[in-house]
Amino acid sequence: MVDTDELDKVLESNSIKSCPDDETIERVPKGHLDWLYQENARLAKINDDLREEIYSHVQWEKELNDDFTKITELANKVISLHRQIIMDYEGLLNAKVGIRSFLRYLFLFKKNKYLT
C-alpha cells in the first residue's frame, strides 16, 4: 500500500526542485511558442537564401575581375602594338626622307653638273 499523502509530498518536493520559482521563469503560451519556432525556421530559410545569393554574387564578381584583367592585358598589348606601329612608321618616313633627299641631291647635282 502506498500512502497518498507521502506520494503527494514526494511529487511536490521533486517538482519544486526541478522547476524554478515562478518569479524566475516566464511562461509562454504554446501557440506563441509554436509561432516563434515557425518564425525561426522562416528566418533561417531566408538566411540560407541570402547566403546563396551572396555566394553567387561573389562568384560573379570574381568572373568580372578576371574579365577585367584580361581586357586590361589586351588593351596594354594594343597600346604596345600602336607604339610599335608609330615607331615603324616614323622609321619609314625617315627612310623616305633620306631617300627623297638623296634623290633630290642626286637629281639636282647631276642636273647642275650637266648644265654647267
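Reader: Is arginine 42 buried, partly exposed or exposed, and what is its relative accessible area?

Author: Happy to start there! Buried means under 20% relative accessible area, exposed over 50%, and partly exposed in between, with a 1.4 Å probe and protein chains only. Arginine 42 has a relative accessible area of 44%, so it is partly exposed.

Reader: What should I keep in mind about the model itself?

Author: This is a predicted model, where local features need pLDDT of at least 70 and side-chain atom pairs count only at pLDDT 80 or more, while totals for chains, interfaces and linings use all residues. Residues are numbered from 1 along each chain as its sequence is written, and side-chain values use heavy atoms, leaving out hydrogens and water.

Reader: How many helices and strands does the protein chain have?

Author: Helices (H or I, at least four residues) and strands (E, at least two) are DSSP runs, numbered from the N terminus. Here the protein chain has two helices and zero strands. Helix α1 covers residues 4-18, and helix α2 covers residues 30-115.

Reader: How many salt bridges does the structure hold?

Author: A salt bridge is a side-chain nitrogen of Lys or Arg within 4 Å of a carboxyl oxygen of Asp or Glu. The structure holds two. One joins the side chains of glutamate 39 and arginine 42 at 2.5 Å, N to O. These residues are about one helical turn apart, because they are three residues apart in helix α2. Glutamate 39 is partly exposed, at 21% relative accessibility. In another, the side chains of lysine 45 and aspartate 49 meet at 3.1 Å, N to O. Both lie in helix α2, four residues apart.

Reader: Which residues make the nonpolar surface patch?

Author: Patches take residues with over 30% relative accessible area and no salt bridge, joining like charges within 9 Å and nonpolar side chains (Val, Leu, Ile, Met, Phe, Trp, Tyr) within 5 Å. Leu33, Trp35, Leu36 and Tyr37 make a nonpolar patch of about 410 Å². Leucine 33 lies in helix α2 and is partly exposed at 34% relative accessibility.

Notes
Areas by Shrake-Rupley, 256 points an atom, 1.4 Å probe, with all protein chains shown as cover.
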